[in-house]
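Work through the exercises below with the sequence and the model open. Each task is followed by a solution in steps.

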Amino acid sequence: MSKGKKISVGIIALVLLVVAIVVVRHVMYVKQLSTVRIEKRDGVTKYIGAEGVSFYSMVDTPNKVYTLMSTEGDTDAYQIAQQIYVIDKKTGKMNEFYDTGYSKWSFSGVAQVFGDGRYLGWEERTADNVSIVKVYDLDSGKIVANLKDMELADFYEIVDGTLHWKEQDNKAKSMRLNGN
C-alpha cells in the first residue's frame, strides 16, 4: 500500500472514530435525560432530573406526570418549551409526549400545561403572541379542543369536563369539552 493510501485510510479511520465517540456520547446523554429519580419522603414526592434539568408546569395524574422541561444552558429569557414530557411514576422513565415542531430559536412553543387527570391541556404561544390552546383526552387519546387565535390568558383550569380560562381583560370564559 502506498504512503498516500495509508494516510487516507488513517484519516478515514480517525473520522469514523470521532463520529462513533460523538454518537455514543449523545446516546448516553439522551439516556441520562430520559430517566428521572423519584424520591418519596414525608408524603412528598420529588421528581429529580439529570444534572442541569429542571421541570416546570406539571400535571399530576394517578400513574404519570406530564411536564415541561428546561435544560442548563437554555438561553430563553422566559420559559417556553418545544416538547411536553411524560414521566412514569413507577419507573421514572421519561418520554416525549408531544412535540410542537417549533425550533428552539423560534421563541414559540408550549407556555404551560394544565389538566385534571382525564384531560391534559396546553397553551402554545407563537413569537407574535398568538395563543393556541389544545386539550387532549387521556382516555381516548384524542385532541378534544383546539382553540386558535386565543386572547392571551392568565389562567387555565379543567373542572368536571369544562375548560375555564380568564383572559387578560379579566373576562372569565368556559367551554364544555367534547369528550363527555
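Helices (H or I, at least four residues) and strands (E, at least two) are DSSP runs, numbered from the N terminus. The model is predicted, so local features need pLDDT of at least 70 and side-chain atom pairs count only at pLDDT 80 or more, while totals for chains, interfaces and linings use all residues. Residues are numbered from 1 along each chain as its sequence is written, and side-chain values use heavy atoms, with hydrogens and water left out.

**Exercise 1. Give the order of the elements of the protein from the N terminus on.**

Solution. Step one is the count: the protein has one helix and 13 strands. Step two is the order, which reads α-β-β-β-β-β-β-β-β-β-β-β-β-β.

**Exercise 2. Describe how strands E1 and E2 pair.**

Solution. Two strands pair if DSSP finds at least two bridges between them. Strand E1 (residues 37-41) and strand E2 (residues 44-48) are joined by five bridges in the antiparallel sense. Lys-40 has Thr-45 in E2 as its bridge partner. The two strands make a hairpin with two residues between them, and Asp-42 in the turn has a positive phi of about 50°.

**Exercise 3. Classify the ring pair Tyr-66 and Phe-97, and state which parts of the chain the pair ties together.**

Solution. Rings of Phe, Tyr and Trp (its six-membered ring) pair if their centres lie within 6.5 Å; planes under 30 degrees apart count as stacked, over 60 as edge-to-face and the rest as tilted. The structure holds five aromatic pairs. For Tyr-66 and Phe-97 the ring centres are 5.2 Å apart and the planes stand at 75°, so this pair is edge-to-face. Tyr-66 belongs to strand E4 (residues 64-71) and Phe-97 to strand E6 (residues 94-99), so the pair ties together parts 31 residues apart in sequence.

Next comes accessibility: buried means under 20% relative accessible area, exposed over 50%, partly exposed in between (1.4 Å probe, protein chains only). Tyr-66 has 6% and is buried, whereas Phe-97 at 26% is partly exposed.

**Exercise 4. Which element gives the most to the largest nonpolar core?**

Solution. A nonpolar core is a set of buried Ala, Val, Leu, Ile, Met, Phe, Trp, Tyr and Cys residues joined through side-chain atoms within 4.5 Å. The largest one has 14 residues, and those touching the most other members include Val-133, Tyr-156, Trp-165 and Leu-177. Strand E9 (131-137), E10, E11 and strand E12 (162-167) each give two or more residues to this core. E10 gives the most, with four residues.
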